[in-house]
Amino acid sequence: AKYIAEHLHEEIKLALVKYGLSDEGIFCALREAFVRIDARAKDAVKHSGAVAVVSLKIGNALWTANLGDSRAILVDKD
């Protein structure tokens, strides 16, 4: 989990540059970033597991992705 927390943002940034900020690009970037970080984590740390939730606000859109049995909750002040 610590490895993913320290490196997932790097994978997301690289993938967003590769795919762009269209809806399809963001979707593909998040999917690729999670696949790549999963492979990197398996190589870096043996016999471990983690879950992750990522939320990105890009313009007026909120993108959320998860790995494992985790979820994000958006709470409005009102």
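A: Val54 is found in strand S1, where strands (E, at least two residues) and helices (H or I, at least four) are DSSP runs, numbered from the N terminus. The model is predicted, so local features need pLDDT of at least 70 and side-chain atom pairs count only at pLDDT 80 or more, while totals for chains, interfaces and linings use all residues. Residues are numbered from 1 along each chain as its sequence is written, and side-chain values use heavy atoms, with hydrogens and water left out.

Val54 counts as buried because its relative accessibility is 12%; buried means under 20% relative accessible area, exposed over 50%, and partly exposed in between, with a 1.4 Å probe and protein chains only. Leaving aside residues up to four places away in sequence, Val54 touches Leu8, Ile12, Phe34, Trp63, Thr64 and Ala65. Contact here means heavy atoms within 4.5 Å. From Val54 to Leu16 the C-alpha distance is 14 Å, and the two are 38 residues apart in sequence.

Strand S1 covers residues 52-58 and pairs with strand S2, residues 61-67, in the antiparallel sense over 7 bridges. Two strands pair if DSSP finds at least two bridges between them. Within this pairing, Ala52 stands opposite Leu67 of S2, and Ser55 has Thr64 as its bridge partner in S2. The hairpin of S1 and S2 has 2 residues between the strands, and Gly59 in this hairpin takes a positive phi near 65 degrees.

One of the residues touched by Val54 is Leu8. Not counting residues up to four places away in sequence, Leu8 touches Ala33, Phe34, Ile37, Ala52 and Val54. Leu8 is also among the residues with the most contacts inside the largest nonpolar core, along with Ile12, Leu30 and Leu56; this core has 17 residues. A nonpolar core is a set of buried Ala, Val, Leu, Ile, Met, Phe, Trp, Tyr and Cys residues joined through side-chain atoms within 4.5 Å. Two or more residues of this core come from each of H1, helix H2 (23-44), S1 and S2. H2 gives the most, with 7 residues.

Lys2 lies in helix H1, residues 2-19, and is exposed because its relative accessible area is 64%.

As for the whole, the protein chain has 2 helices and 2 strands, in the order α-α-β-β along the sequence. Its C-alpha trace spans about 40 × 35 × 15 Å along the principal axes. Of its 78 residues, 29% count as buried. Among contacts between residues at least 6 apart in sequence, 47% join residues at least 24 apart.
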